[in-house]
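Reader: Could you pick one part of this model and take me through it closely? I'd rather have one connected story than a list.

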Amino acid sequence: MDHLANHPTTADMQAADAAHHLHPFTDTAALNEKGARIITSAKGVMLRDSEGNDILDAMAGLWCVNIGYGRNELADVASRQMRELPYYNTFFQTSHPPVIALAEKIAALTPGDLNRTFFSCGGSDANDTNIRLVRHYWAALGKPGKRHIIARKNGYHGSAMGSASLGGMAAMHAQGGLPIPDISHIAQPYWYGEGGDLSPEEFGLKAARALAEEIERVGEDNVAAFIAEPVQGAGGVIVPPSTYWPEIQRICDAHEILLIADEVITGFGRTGAWFGAQTYGIRPDIITIAKGLSSGYQPIGGSVLSEHVAAVFAEKGGEFNHGYTYSGHPVAAAVALENLRILEEEGIVDTVARDTGPYLATRWAELGEHPLVGEARISGMMAALELSPDATGRKAFAEAGAAGLICRDHCFAGNLVMRHVGDKMIISPPLVISRAEIDVLIERAHKALDLTMVDLKAQGLMR
Ligand code: PXG
């Protein structure tokens, strides 16, 4: 119980949190009514809270702790780097060993000729960088009119003004005057919710062709780029139909626009390959990275440019008037490098592809048979369940989101972190989760589904 002795009581911490901490994506009044759950330590896939409960973290934090918690190698590297060079910038013609080694390693791991990285502190600022970067790219090529960026409804690209504008989250646009100009959103490839009578393959083509229509509407001379997540994460693990990405790639190839794959979630093994671009056969000009780059042990992200984009910056771009104090932070870079070493040397991505990914897929499909579940879908180690009052007809609940919230609370009470997006239940566990831990995850999720169904029937929300 040592870990408890080191902290004030849970109630005291909750009171101080309620008094002084403004939480992200949180209804403050609702939180303060019950108090935050306080996580004090973690190991592998398990979290420990201030009351001593052990909770299976099926979200890997926020889709980021790919190598799992408690890897002391990363702490040792951070400590060494802090003693040697805790900070120096990468502006004004300087560099340092960790950022050089990390940039080189990213070039080696990413597909195609994605070989040059601009560093940020996370995904939001990397996507803001991307907006300025693609516009500067076209301006440097003598086409300053190409400024417009096409994105997707229900996409998520971050919370800064630019990246939240790229995102297609209506609730975010409703606050703070978004989106900024010269960004538009096309439909998402969400067959379960929006596919109507079309087959998934027909619908995938239709959703992709919306990009061609939007390029036509805006005018190719005005369009800089299209941005999308290989699999939408925060939108509810929307795995696109097999026809979608080939058609998107064909449309991008046929037009003079850049393709940005936002790999913040799908990068570094999440879909069972190093990058979602490999799983879905995408050839992006730029990718956004963060999260799994450091497994969340340090805040770091970046924009990785293919050779032909980087060449414009190297040859014609002049000074790129953009940068963050912590671009390529030495401690974050050293920790990321150590994380990539562990991912690679321990064959973690391979294990997901060959063993634990397929095992999770089999067990997840069993949850798909639950009477409360309309669809179970998965890509590597990210997966969703669609809760439905009638599991055979892709029907939605009359009051959207209520069932998801009830289920989320049952998961939490049962020591399982599973997130809800409306009535979709989603997971994204650490990539190191074992078969035995997957069994525990499935068992706890199954129990939460059973309890949710009892509640829904009692409340008349389900027959
Ligand atoms: N792109 C994608 C695809 C993301 O998922 C970002 C960019 C922004 O990254 P930063 O590091 O600035 O947060 C993300 C982040 C959720 C949730 O509840 C998802 C994210 C962040 C917070 C919550 O699903 N994704």
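**A close look, starting from a loop**

Phe92 counts as exposed, because its relative accessibility is 69% (exposed means over 50%, buried under 20%, partly exposed in between, with a 1.4 Å probe and protein chains only). Keep in mind that this is a predicted model, so local features need pLDDT of at least 70 and side-chain atom pairs pLDDT 80 or more, while totals for chains, interfaces and linings use all residues. Numbering runs from 1 along each chain as its sequence is written, and side-chain values use heavy atoms, with hydrogens and water left out.

Phe92 sits in the loop between α5 and α6 (helices are DSSP runs of H or I, at least four residues, and strands are runs of E, at least two, numbered from the N terminus). Gln93 is in the loop between α5 and α6 too, and at 85% relative accessibility it counts as exposed. Their backbones are worth a look: phi is positive, about 50° for Phe92 and about 65° for Gln93, although neither is a glycine. Most residues other than glycine have a negative phi.

Follow the chain on and you reach α6, residues 97-109. Its 13 residues should span 18 Å at 1.5 Å a residue, and the end C-alpha atoms are 18 Å apart, which agrees (the expected span is 1.5 Å times one less than the number of residues). The buried residues here are Pro98, Val99, Leu102, Ile106, Ala107 and Leu109. What do they pack against? Their partners are the helices α5 (72-84), α13 (276-280) and α15 (330-345), along with the strands β4 (114-120), β9 (286-289) and β10 (301-306) (contact means heavy atoms within 4.5 Å).

Ser165 has a relative accessible area of 0%, so it is buried. Leaving out residues up to four places away in sequence, it touches Ala160, His173, Leu178, Pro179, Ile180, Ile183 and His185. Two of those contacts, Leu178 and Pro179, are joined by a cis peptide bond with omega near -5°. Most peptide bonds are trans. Pro179 belongs to the loop between α9 (170-173) and β6 (183-186).

A side-chain polar atom of Asp262 is 2.7 Å from a ligand nitrogen, and a backbone N or O atom of Gly123 is 2.9 Å from a ligand oxygen. The protein buries 84% of the 540 Å² that the ligand exposes when taken alone (Shrake-Rupley areas, 1.4 Å probe).

Technical notes:
A polar contact is a pair of N or O atoms within 3.5 Å; within protein, one must be able to donate a hydrogen and the other to accept it, and residues adjacent in sequence count only if both atoms are side-chain atoms.
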